[in-house]
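The following exercises concern the secondary-structure packing of a predicted model. Each task is followed by a worked solution.

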Amino acid sequence: YKNLSYTSYLQKNEFTYKNGDIYSKTKNGFAERNKIHPHNIIMHENEIIACWIPARSSNVFLVKDGFESYTILDKWKKYAPQLQAISHKKNYRIPMRDGIKLSTDVYLPLEYNDTLPTVLVRTPYDKTIKIHEFIKYVHRGYAVVIQDVRGRSESDGEWIPLHHEVEDGDDTLNWIASQKWSNKKIGMIGGSYLGYVQWAAGASANPYLKAIVSEVTAGSAFIDMPRRGGCLISGMLAWAFIVSKKNLDASLLARDDWDEVLAVRPIEDIPKKALGYDIPFFNKWINHDVEDAFWQKGDWQKRWKSSHQIPSLIISGWFDDNSMGTTQALEVSKNFKDKKIILGPWLHNSNSSYDLNDLHFAQNALKDDLDLIPLLWFEKYLKGNNLSYLNDDVIEYYTTGSNEWKKANSWPIPNSIEKKYYLYSISNAKSSNGDGILLDEIPESGYDFYKYNPDNPATHLIDMSNNEVSFPANYKNQELRDDYLCYTTPVLKEDAIVTGDIELTLYFESDCIESDLIIRICDVDENGNSIKLADGVFNTKYKNGYDKKENMIKGNIYPIIIRSTKFSHCFKKGNRIRLSITSSALNLIFPNYNSGTNEKKIVTNKVHYGKIYPSNLKVRIEK
């Protein structure tokens, strides 16, 4: 960066450097735009003093000597314990209750008095990868235990995602507590699957688990993945590929024939044709198409004991692929005495970009302390050091549109009111697309309809380059299809801030025995751009619960309730709020054939509204 001729850029709000990188001016330097993990330049008195690369688990700073106080490093020096040397790691093969042994590495400080609190990490991605994210806890006086979960890397047993983690987590916690170096106070940390295993271990009510740091956690099968809303999520196939072998193989993600792969039928043949071998757990996912004992074993929300509480730091983003997992975490922790929640404008790869397609955020969107806060969480609940940096605000959340961080003391946020928008069509019955509006009052009765052809599915817009399926893309052109219904508010006369998840009650009729429903909540600007903020998916055969399948009967009208992902967004004056409804989402879910078999059927789906069938969208508006 010393070669950057910064003086010529100081008066510019935005510039493009000679290598093509785009920077925008901030209050203390420049922020790199349109990049994952941007390089941010920090300046003082027209001099470059630091570079900051944000991330979820490990923010990176390069700071000129003597200028630490102008960065978050000053807070690390003030609040974090002094660094300690690390002794050599030791590997153990810990026996589980059924005799299976899990490979586990233990890292200890070189010197310590008496016993230590422990930070436990359980991973399917190889315990030797990215240890830098966790080794910092050893430097600060913790034992760190990193374990390959069952069937992965050096651990024994069969690899079945979301299956054994309650019992294996419980057994691992008990083993740690029995070690002579352990003070029997254990915390867990990690994101995605590493978040899931924390809640699974918590579901065992193990007395030694004293704190968790849940980052973009995965949830249970029918709420999150792989069968969200009863739909088989094709968007998780890339993940299934990279963990299909005993050791992680990220190269299996990089292929240019994903369209052909997703089109292979029957679905269970996809791994063999794409990889040359079967994936046993993928076959189990397909064969267990109801919420039976197979899935219930790993459903940490349903297995959670209502009286059990764990101090929980919950971190996620509005556009996280596993957003519904964090929704489950918010529900489980609703009555916890000790919790802190941070919800930002982030993808699954959170705290890593200022720009997501047509959504652009201010410099404040990325946090430079997202790795310091977990350390201080453990300091408080594993060591008893209650440091002032951890404020008393239960929830910090970011509102897109207005681009500001806010605080609240509970979720859903208390400073909000519930509002219902009722579905209606201007043409009042037999409309296929385009005339739908959202009203404040229940309208006269009618219905809209559309036809869905499995050979021509609508597309769910994703970021293939970063394997992100919840990207806030522009659906303006998709909504022109004749298999969409769109319901839009009149032009807003003042800003409207919606915070929370959305619940759609739909009175639905079909001429086939089953169909999928995909809903999206979009912000529509004056040019017709329709930016997706949240979505929900549902397969109608689970209309009375995921534990059983029930066909629809032609002519019957069924109440269907669909819950969306959560968000906080300021719909600006002059914009509109839109609900879209369709029955396919290529790249997110496998297209439904509407027949319950391998026979494809074109389906006609109807949405009823009015006093008898008051289809409505329920939102929470901030006061």
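**Exercise 1.** Determine which residues of α11 are buried, and what covers them.

*Solution.* Step 1: Ser323, Met324, Gly325, Thr326, Thr327, Gln328, Ala329, Leu330 and Val332 of α11 are buried, where buried means under 20% relative accessible area with a 1.4 Å probe, protein chains only. Helices (H or I, at least four residues) and strands (E, at least two) are DSSP runs, numbered from the N terminus.
Step 2: Nine of the ten residues of α11 (residues 323-332) are thus buried, so the helix is largely enclosed by the rest of the structure.
Step 3: The cover of these buried residues includes α4, α10 (300-303), β13, β14 (339-347), β23 (496-510) and β26 (558-571); contact means heavy atoms within 4.5 Å.

The model is predicted: local features need pLDDT of at least 70, side-chain atom pairs count only at pLDDT 80 or more, and totals for chains, interfaces and linings use all residues. Residues are numbered from 1 along each chain as its sequence is written, and side-chain values use heavy atoms, with hydrogens and water left out.

**Exercise 2.** Describe the packing of α3 and α4.

*Solution.* Step 1: The two helices pack at an angle of about 75°, with their axes 7 Å apart. Axes are lines fitted to C-alpha atoms, for helices over the stretch in contact, and angles run from 0 to 180 degrees between N-to-C directions.
Step 2: α3 and α4 are therefore roughly perpendicular to each other, a class that spans 65 to 115 degrees.
Step 3: Glu165, Val166, Gly169 and Leu173 of α3 meet Tyr193, Tyr196, Val197, Ala200, Ala201 and Ala203 of α4.

**Exercise 3.** State the strand order of the open sheet of ten strands and identify its edges.

*Solution.* Step 1: The order is β7-β8-β10-β9-β11-β12-β13-β14-β17-β18, with mixed pairing; two strands pair if DSSP finds at least two bridges between them.
Step 2: β7 (90-95) and β18 (404-408) are the edge strands, each pairing on one side only.
Step 3: On average, neighbouring strands of this sheet are turned by 25° against each other, direction ignored.
Step 4: Within the sheet, β9 (residues 116-123) and β10 (residues 143-148) run parallel and are joined by six bridges. Arginine 122 stands opposite glutamine 147 in β10.

**Exercise 4.** Which strands stand at the edges of the open sheet of six strands?

*Solution.* Step 1: The order is β1-β2-β3-β4-β5-β6, with antiparallel pairing.
Step 2: β1 (14-16) and β6 (60-63) stand at the edges with a single partner strand each, so one side of each lacks a neighbour in the sheet.

Technical notes
Buried < 20%, exposed > 50% of the residue type's maximum accessible area, 1.4 Å probe, protein only. Parallel < 35°, antiparallel > 145°, perpendicular 65-115°, else oblique.
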